[in-house]
Amino acid sequence: MPNALPITRKENFAEWYQAVVRLADLAERELDVQYYIWDRDEIGIVLMDRVLAAADRGVRVRILLDDYLVAWDDATLKALDMAGVKGV
């Protein structure tokens with residue numbers, strides 16, 4: 001895999017965030033995302049945009065999300081569905 005990132009421990013939030021965004025941007029075939037809390041804040045919106053962009057590129061996207069009290073509105077969830085994103 002030419003774009004694979006090594007497994008490393010991130011020292012701070014900024015490193016983690018950059019790595020997650022980069023993984024979504026570099027995904028070519030599959031992207032599996034797992035979150036317990038995915039808020040509709042600045043960070044969550046950027047990640048959602050990257051997930052939708054990956055799906056639009058033809059990447060197979062699956063999301064495992066605790067949907068109790070989910071912060072996303074029906075329009076966003078419908079956009080995920082329309083983009084082919086699957087829940088697991």
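Analyst: Quick ground rule: buried means under 20% relative accessible area, exposed means over 50%, and partly exposed is whatever falls in between (1.4 Å probe, protein chains only). This is a predicted model, where local features need pLDDT of at least 70, side-chain atom pairs count only at pLDDT 80 or more, and totals for chains, interfaces and linings use all residues. Residues are numbered from 1 along each chain as its sequence is written, and side-chain values use heavy atoms, leaving out hydrogens and water.

User: Why is Arg 50 called partly exposed?

Analyst: Its relative accessible area is 28%, so it sits in the in-between class. Asp 25 lands there too, at 33%.

User: What makes Asp 25 and Arg 50 a salt bridge?

Analyst: That takes a side-chain nitrogen of Lys or Arg within 4 Å of a carboxyl oxygen of Asp or Glu. The closest N and O atoms of Asp 25 and Arg 50 are 2.9 Å apart, so the pair passes. It links helix α1 (residues 13-26) to helix α2 (residues 42-56), across 25 residues; helices (H or I, at least four residues) and strands (E, at least two) are DSSP runs, numbered from the N terminus.

User: How many salt bridges turn up in the whole structure?

Analyst: Four. Among them is Glu 30 with Arg 60, at 2.8 Å. Glu 30 is in strand β1 (residues 30-35) and Arg 60 in strand β2 (residues 60-65), so the pair ties together parts 30 residues apart in sequence.

User: How do you know whether Glu 30 is buried, partly exposed or exposed?

Analyst: Glu 30 has 48% relative accessibility, so it counts as partly exposed. Arg 60, at 42%, gets that label as well.
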